[in-house]
Amino acid sequence: MGLTEREIEAVVREVTDEEVAFYHEYGWVMVKQLVNPDFAAELLGVGQAWLERNGEEKGRNKRAVGLARQEEAEPFRSFMFSERMSKNATRLVNRKRLKGVDIPLRYRIDILQHKPPGAAGATYHQDSSEHGSDRVGELQFWLALAEVPAEMSAMRFVSRSHREGPLGSVFKDDQGNLLEQYPNLTSVLELSPPFHYEPGDCTVHHGYTVHGGPPNST
């Protein structure tokens, strides 16, 4: 059975004006304790059970795709499609400044991923260049359901790289990564500091923000 909006609001907070401003300036933002740690633990438990039953192997990683579309994977569905998360996303995309009202957002995908010790890092790339988005504004929420220190493959972002527009696909043509293609990228711009996610912490990044992560060395 799904959660009510009031129940979601008790465990999921709104993004702040300061977080929205930071996101627009840098192309990413760390939202500390977006969800209550106990709720993150509940999501983790449901997710782990789902991975055991339905997970797919992706290299050394195990992942599940589309939990929010599965009624039996509650509370993922209630969380993903809640009014609170919709409001958080529309505030960050901020098309209201161009139209006077918020515009509907299109859900693309959700992924639950487990990276075991020794798993490879994430290639530095831009999501929108890989997904073929038909407009600027795509954004991704990455929510930690367990503690994720920097050495456990926590993501990093090239600040303000969302202002550079599409820099090209690296996955479709096996082009390595964007830090190799543009060796001055992190000297002209700046790489975000290493992050230590606590359960319930969430980073949000723009579709054209260059991002990646190290191997899981734990």
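This is a predicted model: local features need pLDDT of at least 70, side-chain atom pairs count only at pLDDT 80 or more; totals for chains, interfaces and linings use all residues.
Trainee: How many helices and strands does the protein have?
Mentor: Helices (H or I, at least four residues) and strands (E, at least two) are DSSP runs, numbered from the N terminus. On that basis, the secondary structure comes to nine helices and 10 strands.

Trainee: What radius of gyration does the protein have?
Mentor: The radius is taken over C-alpha atoms, and the globule rule is 2.2 Å times the number of residues to the power 0.38. The C-alpha atoms fill a box of roughly 50 × 45 × 30 Å along the principal axes. For 218 residues, a compact globule would have a radius near 17 Å, and this agrees with the value for the protein, 17 Å.

Trainee: Which percentage of the residues counts as buried?
Mentor: Buried means under 20% relative accessible area, exposed over 50%, and partly exposed in between (1.4 Å probe, protein chains only). Of the 218 residues of the protein, the buried share is 42%.

Trainee: What share of the contacts with a separation of 6 or more joins residues 24 or more positions apart?
Mentor: A contact means heavy atoms within 4.5 Å. Among contacts in the protein with a separation of 6 or more, residues 24 or more positions apart account for 81%.

Trainee: How is the pair of phenylalanine 39 and phenylalanine 79 classified?
Mentor: Rings of Phe, Tyr and Trp (its six-membered ring) pair if their centres lie within 6.5 Å; planes under 30 degrees apart count as stacked, over 60 as edge-to-face and the rest as tilted. The structure holds eight aromatic pairs. In this one, the ring centres of phenylalanine 39 and phenylalanine 79 are 5.9 Å apart and the planes stand at 70 degrees, so the pair is edge-to-face.

Trainee: Which helices hold phenylalanine 39 and phenylalanine 79?
Mentor: Phenylalanine 39 is buried at 3% relative accessibility, and phenylalanine 79 is buried at 8%. The pair ties together parts that are 40 residues apart in sequence, because phenylalanine 39 lies in α3 (residues 37-54) and phenylalanine 79 in α4 (residues 76-80). The helices are therefore α3 and α4.

Trainee: Are phenylalanine 81 and tyrosine 107 buried or partly exposed?
Mentor: The ring centres of phenylalanine 81 and tyrosine 107 are 5.2 Å apart with planes at 70 degrees, so this pair is edge-to-face. Phenylalanine 81 lies in the loop between α4 and α5 (83-93) and tyrosine 107 in the loop between α6 (96-99) and β4 (111-114), so the pair ties together parts 26 residues apart in sequence. With a relative accessible area of 42% for phenylalanine 81 and 25% for tyrosine 107, each is partly exposed.

Trainee: Which residues form one aromatic cluster?
Mentor: The structure holds eight aromatic pairs. One cluster is formed by Phe22, Tyr26, Trp28, Phe157, Phe195 and Tyr197.

Trainee: Which residues does glutamine 140 touch, not counting residues up to four places away in sequence?
Mentor: Glutamine 140 lies in strand β6 (residues 139-143) and is buried, with a relative accessible area of 13%. With residues up to four places away in sequence left out, its contacts are Arg108, Asp127, His131, Thr203, Val204 and His205.

Trainee: What covers the buried residues of α5?
Mentor: The buried residues of α5 are Arg84, Met85, Asn88, Ala89, Thr90, Leu92 and Val93. Their cover includes α1 (5-11), α2 (17-26), α4, α6, β6 and β9 (202-206).

Trainee: Where does proline 75 lie, and what is the omega of the cis peptide bond that joins it to glutamate 74?
Mentor: Proline 75 lies in the loop between β3 (61-65) and α4. The cis bond joining glutamate 74 and proline 75 has an omega of about 15 degrees.

Terms used:
Residues are numbered from 1 along each chain as its sequence is written. Side-chain values use heavy atoms; hydrogens and water are left out.
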